[in-house]
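Me: I would like to go through this structure in short questions and answers.

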Amino acid sequence: MSLLKVSAPPHISTKNDTNVIMLDVIIALMPALIVGLLFLGTEQCLLLQLVRFLLYWLNICGQS
Amino acid sequence: MKLPTTIGDLSAVVSGILLGFNLPSTAPFWMCIAGSFFMMIIVKAFFGGLGQNFINPALAGRAFLMASWPTRMIAFAQPFSKVPLISKIDAVTSPTALSIIKNGLEGEVPTKMDLFLGNVSGCIGEVSALALLIGFVYLLIRKVISWRIPVVFIGVTGLLSYAFGGSEGLFTGDFLFSILSGSLFLGAIFMATDYTTSPVTSLGQYIYAIGCGAMVFIIRKWGGYPEGVSYAIMLMNVATPLIDKITPPKKFGRRKA
């Protein structure tokens with residue numbers, strides 16, 4: 001999805017798109033996720049459940 | 001509805017992880033479902049999807065859950081208390097460092113090293129400042145976010161707590177403790193920097209970050225909640241259009257009038 005990005009000029013054109021940025025954010029969140037898993041225990045699987053639920057829900061929205 | 005599927009842009013995954021980070025590890029799964037429904041449908045989709053929401057979806061989801069199930073939202077598990085996934089036994093819970101101080105609860109205040117590494121009770125994502133800092137450095141290297149909002153935000157909260165947060169007059173507060181405790185790092189690095197809900201220009205970002213830091217300090221010091229990062233960011237999210245209005249970007253290619 002390429003949108004016109006609103007930011008202060010001057011603008012530089014790169015191949016970065018929303019999903020590239022979001023993938024970077026996901027990678028950046030991983031250390032905290034691992035520490036949370038190690039320190040707070042197995043109930044962290046809820047997090048995975050949440051992600052799975054979101055993917056499932058958005059697929060339904062997209063198809064209908 | 002003939003709308004394109006936007007699952008591929010991964011923003012929903014990021015929102016989902018951030019909402020998960022904002023929950024205590026004892027939260028039941030239906031709270032995740034309720035929170036993500038509110039977050040994705042009401043806060044994001046109703047306002048036009050990615051880039052159109054006026055407050056951070058993950059924080060709005062957290063605020064929704066906090067208002068709906070306040071006791072479940074503060075049932076923080078103690079670190080290293082083994083909790084099986086499906087169990088009738090309640091997890092061993094303990095108050096966070098901030099609520100011990102704020103409400104005078106029983107419990108040992110964790111050391112700064114424990115707060116830094118994450119050996120404390122709290123939401124899933126907020127416990128370890130070190131892990132969040134690693135993520136911050138990665139985002140800086142990849143130039144996904146600029147240093148301005150996180151650094152100014154954390155700095156202002158720390159300085160205000162140092163200057164006015166102490167019990168023995170001015171400049172007796174604890175700078176490190178105030179920035180390491182609570183979800184300040186999580187909020188400042190991953191939530192306040194959301195492109196959609198933060199100002200465009202660098203001057204606007206300074207104003208926004210100073211506002212966030214001041215609001216966190218005010219809520220922690222005088223508010224009813226021990227932790228105010230989420231509400232501080234949401235309040236400044238709402239102020240973002242106004243900040244953008246008073247700090248317009250420079251116009252290029254125009255002669256000075």
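Me: What percentage of the 64 residues in chain A is made up of buried residues?
Reply: This is a predicted model, so the figure is computed from predicted coordinates. A residue counts as buried if 20 or more other C-beta atoms lie within 10 Å of its own. Of the 64 residues in chain A, the buried ones make up 31%.

Me: How many helices and strands does the secondary structure of chain A have?
Reply: The secondary structure of chain A has zero strands. Its helices come to two.

Me: How far apart are the end C-alpha atoms of helix α8 of chain B, and what should its residues span?
Reply: Helix α8(B) covers residues 148-164, which is 17 residues.

Me: Which helices of chain B are included in what covers the buried residues of α8(B)?
Reply: The buried residues of α8(B) include Ile149(B), Phe153(B), Val156(B), Leu160(B) and Tyr162(B). Their cover includes four stretches of chain B: α7 (129-141), α9 (175-180), α10 (184-191) and α11 (202-222).

Me: Are α8(B) and α10(B) roughly parallel or antiparallel?
Reply: The two axes come within 8 Å and cross at roughly 150°. Angles over 145 degrees count as roughly antiparallel, so α8(B) is roughly antiparallel to α10(B).

Me: Is Phe217(B) buried or exposed?
Reply: Phe217(B) has its place in helix α11 of chain B. Inside 10 Å there are 25 C-beta neighbours, and the cut-off is 20 or more. Phe217(B) therefore counts as buried.

Me: Which residues does Phe217(B) touch, not counting residues up to four places away in sequence?
Reply: Phe217(B) is in α11(B), one of the helices covering the buried residues of α8(B). With residues up to four places away in sequence left out, Phe217(B) touches Thr157(B), Leu160(B) and Ser161(B).

Me: Is the crossing of α11(B) and α12(B) left-handed or right-handed?
Reply: α11(B) packs with helix α12 (residues 229-246) of chain B at an angle of about 150°, with the axes 9 Å apart. The two helices are therefore roughly antiparallel to each other. Their crossing is right-handed.

Notes. Residues are numbered from 1 along each chain as its sequence is written. Chains are lettered from A and ligands numbered from 1 in the order in which they are written. This is a predicted model: local features need pLDDT of at least 70, side-chain atom pairs count only at pLDDT 80 or more; totals for chains, interfaces and linings use all residues. A residue is buried if 20 or more other C-beta atoms lie within 10 Å of its own, exposed if 12 or fewer, and partly exposed in between; C-beta atoms are placed from the backbone. The expected span of a helix is 1.5 Å times one less than its number of residues. Two residues are in contact if their C-beta atoms, placed from the backbone, lie within 7 Å. Axes are lines fitted to C-alpha atoms, for helices over the stretch in contact, and angles run from 0 to 180 degrees between N-to-C directions. Angles under 35 degrees count as roughly parallel, over 145 as roughly antiparallel, 65 to 115 as roughly perpendicular and the rest as oblique. A crossing is left-handed if the near helix is turned anticlockwise from the far one by less than a right angle, and right-handed if clockwise.
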